[in-house]
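Subject: Handover of a structure, with notes on what was found

Dear colleague,

Please find the sequence and the structure below.

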Amino acid sequence: MDDIVTVNLTFNRQTLPLRADFLIAGTRCHLSTNSHDIMQLASQRQSQTKLINTSSFEMEVLVDSSRSDCCEQATHFRGLRHIVFATLPHGSFVAFDLLRKRVHAALSPSASRDLSFWNALLLPITIGVLGTTLGVVPLHCACLDRKGKGLLVAGLSGAGKSTLAAALAQRGFAFISDDWTYLTKQQSTLVAHGLFSPIKLLPDTIRFFPRLHEFVLRKTLNGEMAYEMDPQKFLQFIVTDMSRPGHIVFLERTATRGCHLVPCRPEYVRDFFEKSAERLPDELADAKAMRTGIIHCFSACPSWMLRTGESPQRTAEAIEMFLSEAERATA
Amino acid sequence: MQRREFAAYTDPLDILRRFAPAPLKAMYRIGSSRVVVRTNDFHLLPALPLEVNFGVSREQAQEWKLIRDSDTPGPLGATRLLVCGLLTVVEMGPACLLGMDHERREVVGFIGADVDARTYQEFLVPLLCRLTQESVPASPLPASANLREQSVHD
């Protein structure tokens with residue numbers, strides 16, 4: 001094989017002597033690496049999560065000095081059966097083994113020193129790809145916390161989930177995520193997790209958040225231009241990484257003024273999340289069944305269709321009033 | 001210009017292309033091994049001796065599932081071999097991604113749109129054969145085997 005292969009990388013205990021454990025989305029990651037930079041990044045992973053499910057995964061990160069730091073390299077994902085390949089910026093490559101719950105990452109030296117690569121790319125992608133096999137269900141929705149109860153904001157792409165999440169965070173809701181939320185279940189308790197990922201706001205939201213003028217538009221993972229920033233550092237939002245789901249709203253923008261909340265049936269919630277979930281192969285039948293069970297349980301949360309023709313700030317105000325009234329009614 | 005026999009495949013719920021159909025199938029002899037090749041492009045059927053004994057079962061044969069990736073243009077990059085326990089991965093940039101699961105005795109992979117038949121037959125097929133022959137013999141596991149215990153403790 002040596003005559004064909006340019007670089008041969010072996011992932012084992014000898015080549016990856018450094019070890020650390022950390023929590024992410026309610027699961028435990030056993031990290032092995034050859035890089036002190038990676039150990040440094042992992043040590044900054046301070047989860048506030050107390051509730052964890054029993055699952056864990058192995059993450060092997062080998063920093064390979066022969067990899068060129070090609071920042072412009074686009075992300076590229078492919079997978080067959082239980083194996084998933086991800087080509088990432090900074091000349092990095094990750095292989096996922098979903099049956100054995102293992103991640104093998106070959107990173108360039110520059111990727112290994114880049115906190116945003118670690119927080120905004122590698123860890124979210126890892127949980128997004130591997131999560132379902134760990135009992136972590138990725139949901140395409142924003143999540144905020146108010147008085148210990150999670151508010152999940154779902155909706156089709158472009159509905160304005162991130163913008164509404166930012167407006168709610170401006171009103172004092174704790175920000176958990178604006179795009180992907182990760183749901184786990186421990187015994188009978190559902191927990192919604194975020195990953196401390198940056199918030200992503202599209203260029204047209206600048207009219208609602210004039211402060212965005214201070215930031216530069218950048219190309220994001222899916223190729224669109226957006227403002228991406230740390231919501232705590234740059235927007236002074238309160239940020240946390242978990243909550244217990246209390247309410248779900250499905251955001252729908254309308255041309256008419258006003259803000260209306262109409263109750264949804266659990267079947268609608270189930271259908272919305274089941275039908276938008278990634279198709280999984282037969283090899284992952286157990287994971288698929290677990291995902292269905294968690295979505296079923298989640299669909300019992302009180303949920304509403306939110307139709308709004310108002311600004312994100314006015315909509316956020318209406319939601320806050322609605323939740324306060326709901327609280328008073330149940331008190 | 002090479003005529004493309006494979007159909008474009010898109011499914012918004014399958015961004016990884018896991019369910020890309022692979023309707024072409026043939027069985028080959030590679031040394032003492034038997035290999036079933038499944039693909040969506042007949043140019044990816046290797047020029048190797050065909051197995052004429054149709055009594056060979058799937059359990060006795062290895063499998064290659066190779067998808068022609070019509071949405072991934074560009075040439076092959078440097079060949080990098082990642083040896084990760086029971087999984088060996090060959091990465092040549094997005095134009096060629098191969099994974100060999102030694103325990104399940106299967107190779108899965110994507111070959112980019114611009115990898116021509118000659119490059120495939122003269123460079124990638126020998127590489128696939130080497131992967132297959134260097135594979136650790138092991139009894140195959142059931143498809144849904146839960147390997148959590150092993151992954152944590154080995």
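Two strands are said to pair if DSSP finds at least two bridges between them. The strands themselves (E, at least two residues) and the helices (H or I, at least four residues) are DSSP runs, numbered from the N terminus. This is a predicted model, in which local features need pLDDT of at least 70 and side-chain atom pairs count only at pLDDT 80 or more, while totals for chains, interfaces and linings use all residues. Residues are numbered from 1 along each chain as its sequence is written, and chains are lettered from A and ligands numbered from 1 in the order in which they are written.

Where the two chains meet

Strand 1 (residues 7-10) of chain A and strand 4 of chain B pair in the parallel sense over 4 bridges. Within this pairing, A:N8 has B:L81 as its bridge partner.

The contact as a whole takes 38 residues from chain A and 39 residues from chain B; two residues are in contact if their C-beta atoms, placed from the backbone, lie within 7 Å. On the side of chain B that touches chain A, the elements that give two or more residues include strand 3 (62-69), strand 4 (80-84), helix 1 (117-133) and helix 2 (148-153) of chain B. Strand 4 of chain B gives the most, with 5 residues. By class, this side of chain B has 21 nonpolar, 7 polar and 11 charged residues. Here Ala, Val, Leu, Ile, Met, Phe, Trp, Tyr, Cys and Pro count as nonpolar, Asp, Glu, Lys and Arg as charged, and the others, Gly among them, as polar.

The sheet of chain A

In chain A, 7 strands form an open sheet with mixed pairing, in the order 2-3-4-8-7-6-5. Its edge strands are strand 2 (18-24) and strand 5 (76-80) of chain A, each of which pairs on one side only. From one strand to the next, the twist averages 15°; for such angles, axes are lines fitted to C-alpha atoms, for helices over the stretch in contact, and angles run from 0 to 180 degrees between N-to-C directions.

Strand 2 and strand 3 of chain A pair in the antiparallel sense over 7 bridges, and A:L23 stands opposite A:R28 in strand 3 of chain A. The hairpin of these two strands has 2 residues between the strands, and A:A25 takes a positive phi near 50° there. Strand 7 (residues 92-97) and strand 8 (residues 102-107) of chain A also pair in the antiparallel sense, over 5 bridges. In that pair, A:F93 has A:A106 as its bridge partner.

Helix 1 of chain A

Helix 1 (residues 36-43) of chain A lies across strand 2, strand 3 (27-33) and strand 4 (56-63) of chain A, and runs at about 25° to strand 2 of chain A. A residue is buried if 20 or more other C-beta atoms lie within 10 Å of its own, exposed if 12 or fewer, and partly exposed in between, with C-beta atoms placed from the backbone. In helix 1 of chain A, the residues A:I38, A:L41 and A:A42 are buried. These residues are on the same side of the helix, because they cover an arc of only 100° around the axis; the arc is that of the directions from the helix axis to the C-beta atoms. A:H36 and A:S43 are exposed on the other side of helix 1 of chain A. The elements that cover its buried residues include strand 2, strand 3, strand 4, helix 2 (109-112) and helix 3 (115-130) of chain A.

Helix 6 of chain A

The buried residues of helix 6 of chain A are A:A287, A:R291, A:I294 and A:F298. They fall within an arc of 65° when seen down the axis, so they line one face of the helix. The face turned away from this buried side carries the exposed residues A:A285 and A:A289. Among the elements against which the buried residues pack are strand 18 (242-253) and helix 5 (266-275) of chain A.

Two residues of chain A

A:L168 is found in helix 4 (residues 161-170) of chain A and counts as buried, with 27 C-beta neighbours inside 10 Å. A:R171, in the loop between helix 4 and strand 12 (174-177) of chain A, is partly exposed, with 13 other C-beta atoms within 10 Å. Leaving aside neighbours within four places in sequence, A:R171 is in contact with A:A316 and A:E320.
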